[in-house]
Structures are given as C-alpha cells and as structure tokens.
Amino acid sequence: MNQIFTVEGMTCGHCEKAVTQALLSLDAHAKVVIDRTHNTVQVDSEKPREALAHAIADEGYRVTV
C-alpha cells in the first residue's frame, strides 16, 4: 500500500538516510521516496500507517497527516 506522509525537519541527506533506514528496519521490503523540498515521505509498505509514522517520529521528525 502506497502512503504519503508530510514530515517536518528533514533538511539534509543525513535526515533522508535516517528516515529511510528507520522505515526499512520496520519493513525491509518497503520502497521509500523522500522529497525534502515538499517535506514528503512516500512509503510503499504493507505495515500500518501508524507504525510507519511512529518509525519516522522516533528519528526526531514531526509527522503530520
């Protein structure tokens, strides 16, 4: 299932890597596309939306709906 999150606080490549790794640790088969200019994270995963949002938030970023 393809899900899009608005994420505040991602400012650099390190941020992208941290978010990507957090999501992949939850679902190793997820496809993650990050667009910092639009503050979006697109995740193709079967995991629940809440779990994906929590993984991003655990890295220190604010996830909005």
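This is a predicted model: local features need pLDDT of at least 70, side-chain atom pairs count only at pLDDT 80 or more; totals for chains, interfaces and linings use all residues.
Q: Is C15 buried or exposed?
A: Buried, at 6% relative accessibility. The cut-off for buried is under 20%.

Q: What about C12, how accessible is that one?
A: C12 is partly exposed. Its relative accessible area is 29%.

Q: Switching to helices. At what angle do α1 and α2 pack?
A: About 140 degrees. Their axes are 9 Å apart. Helix α1 covers residues 13-26, and helix α2 covers residues 49-57.

Q: Why is α1 called oblique to α2?
A: Because roughly antiparallel needs an angle over 145 degrees, and α1 and α2 pack at about 140 degrees. That makes α1 oblique to α2.

Q: Left-handed or right-handed crossing?
A: Right-handed, as α1 passes α2.

Q: Which residues meet there?
A: From α1, V19, A22, L23 and L26. From α2, A51, L52, A55 and I56.

Q: How does that contact split by class?
A: Eight nonpolar residues, no polar ones and no charged ones.

Q: Zoom in on A55. Where is its place?
A: In helix α2. A55 counts as buried, at 12% relative accessibility.

Q: What is A55 in contact with, leaving aside neighbours within four places in sequence?
A: A22, L23 and L26. All of these are among the α1 residues that meet α2.

Q: Take A55 and L23. How far apart are they in space, C-alpha to C-alpha?
A: 6.2 Å. In sequence, A55 and L23 are 32 residues apart.

Q: Now S25. Which helix is S25 found in?
A: Helix α1.

Q: Buried or exposed?
A: S25 is exposed, with a relative accessible area of 64%. The cut-off for exposed is over 50%.

Q: And what separates the C-alpha atoms of S25 and A55?
A: 8.8 Å. Along the chain, S25 and A55 are 30 residues apart.

Definitions and conventions. Residues are numbered from 1 along each chain as its sequence is written. Side-chain values use heavy atoms; hydrogens and water are left out. Axes are lines fitted to C-alpha atoms, for helices over the stretch in contact, and angles run from 0 to 180 degrees between N-to-C directions. Helices (H or I, at least four residues) and strands (E, at least two) are DSSP runs, numbered from the N terminus. Angles under 35 degrees count as roughly parallel, over 145 as roughly antiparallel, 65 to 115 as roughly perpendicular and the rest as oblique. A crossing is left-handed if the near helix is turned anticlockwise from the far one by less than a right angle, and right-handed if clockwise. Contact means heavy atoms within 4.5 Å. Ala, Val, Leu, Ile, Met, Phe, Trp, Tyr, Cys and Pro count as nonpolar, Asp, Glu, Lys and Arg as charged, and the others, Gly among them, as polar. Buried means under 20% relative accessible area, exposed over 50%, partly exposed in between (1.4 Å probe, protein chains only).
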